[in-house]
Amino acid sequence: MKPLLTLADLARNPADFATPLRMATGEQISLRPLIPSDGERLTRFLMGLSPESRRLSTFSGYDRATAQALCDAIARYDKLRLAVVETDKAEESIVGLMEFSFDLTGGDLSRYANYGIGLNQKSDCRFGPTLADGWQNRGLGSRLLPPLWQIARAFGRSRVILWGGVLADNSRAIRYYAKNGFHHAGRFVSGDGQECCDMILSLETDTMDRARTVESIR
Ligand SMILES: CC(C)(COP(=O)(O)OP(=O)(O)OC[C@H]1O[C@@H](n2cnc3c(N)ncnc32)[C@H](O)[C@@H]1OP(=O)(O)O)[C@@H](O)C(=O)NCCC(=O)NCCS
């Protein structure tokens, strides 16, 4: 059996885990692990997010210190962050951050238990995507999912839940998850009183095929 991928593997050879994509509009994109030298690029990405994108996303801050903390966290703890990078400009820029957490919280376990779904610490993971405002709603988020799921599977993960759920009024994200195979699991009220939805995806083969079909019809 193939050994499972580790955070250290990705940190050692990030270029081996990069996926190039070309947008229909011509831009060249690379999905690749966040690297320690991304601090400036990540700061510009976070600072450029609009108030609405900040409301919908899950970052603890939108400044240089947050960007540095995310770079310092590479290959530590349980988090894997992949940067979405526009590569065909004179200077590369980060236009999105795709985040996995490979450690479920007690809150995740008990919410899902209430829905009648038993989560598994070893084979489930959490996921949260954020694209820069100018890159939202152009199909990029959907195109990124097959290579992201390939990485999650290489980490031995067979189901994905949303990191912190999705705000119930984030109809675009809910549409995005649903069209890419996620199912509604239940609703909950977050610690700060916001109505949220839990959604879950199985990475079994039929779901992967559906994701590829969504990609190929774009
Ligand atoms: C969520 C996100 C990653 C999705 O990526 P994306 O590239 O924008 O998604 P796609 O373009 O692949 O798909 C978006 C879908 O939502 C639809 N949509 C757009 N606005 C919508 C709205 N207000 N209500 C319902 N659906 C909407 C689009 O038409 C598209 O569906 P379609 O392909 O059937 O036409 C991205 O929009 C984002 O970063 N949003 C801000 C942060 C965020 O909400 N993150 C999720 C936190 S849980």
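**Exercise 1.** Decide whether Y77 is buried or exposed.

*Solution.* Start with the cut-offs: buried means under 20% relative accessible area, exposed over 50%, and partly exposed in between, with a 1.4 Å probe and protein chains only. Y77 has 60% relative accessibility, so it counts as exposed. Next, find its place: Y77 is in the loop between α4 (64-72) and β3 (79-86). Helices here are DSSP runs of H or I with at least four residues, strands are runs of E with at least two, and both are numbered from the N terminus. Last, check the backbone: phi of Y77 is near 55°, a positive value in a residue other than glycine.

A note before you go on: this is a predicted model, in which local features need pLDDT of at least 70, side-chain atom pairs count only at pLDDT 80 or more, and totals for chains, interfaces and linings use all residues. Residues are numbered from 1 along each chain as its sequence is written, and side-chain values use heavy atoms, with hydrogens and water left out.

**Exercise 2.** Classify the ring pair of F127 and W149.

*Solution.* Recall the rule: rings of Phe, Tyr and Trp (its six-membered ring) pair if their centres lie within 6.5 Å; planes under 30 degrees apart are stacked, over 60 edge-to-face and the rest tilted. By this rule there are ten aromatic pairs. For F127 and W149, the centres are 5.0 Å apart and the planes stand at 75°, which makes the pair edge-to-face. Then place the partners: F127 is in strand β5 (residues 124-131) and W149 in helix α6 (residues 140-154), 22 residues apart, and the pair links distant parts of the chain. F127 is buried, with a relative accessible area of 1%, and W149 is buried at 1% too.
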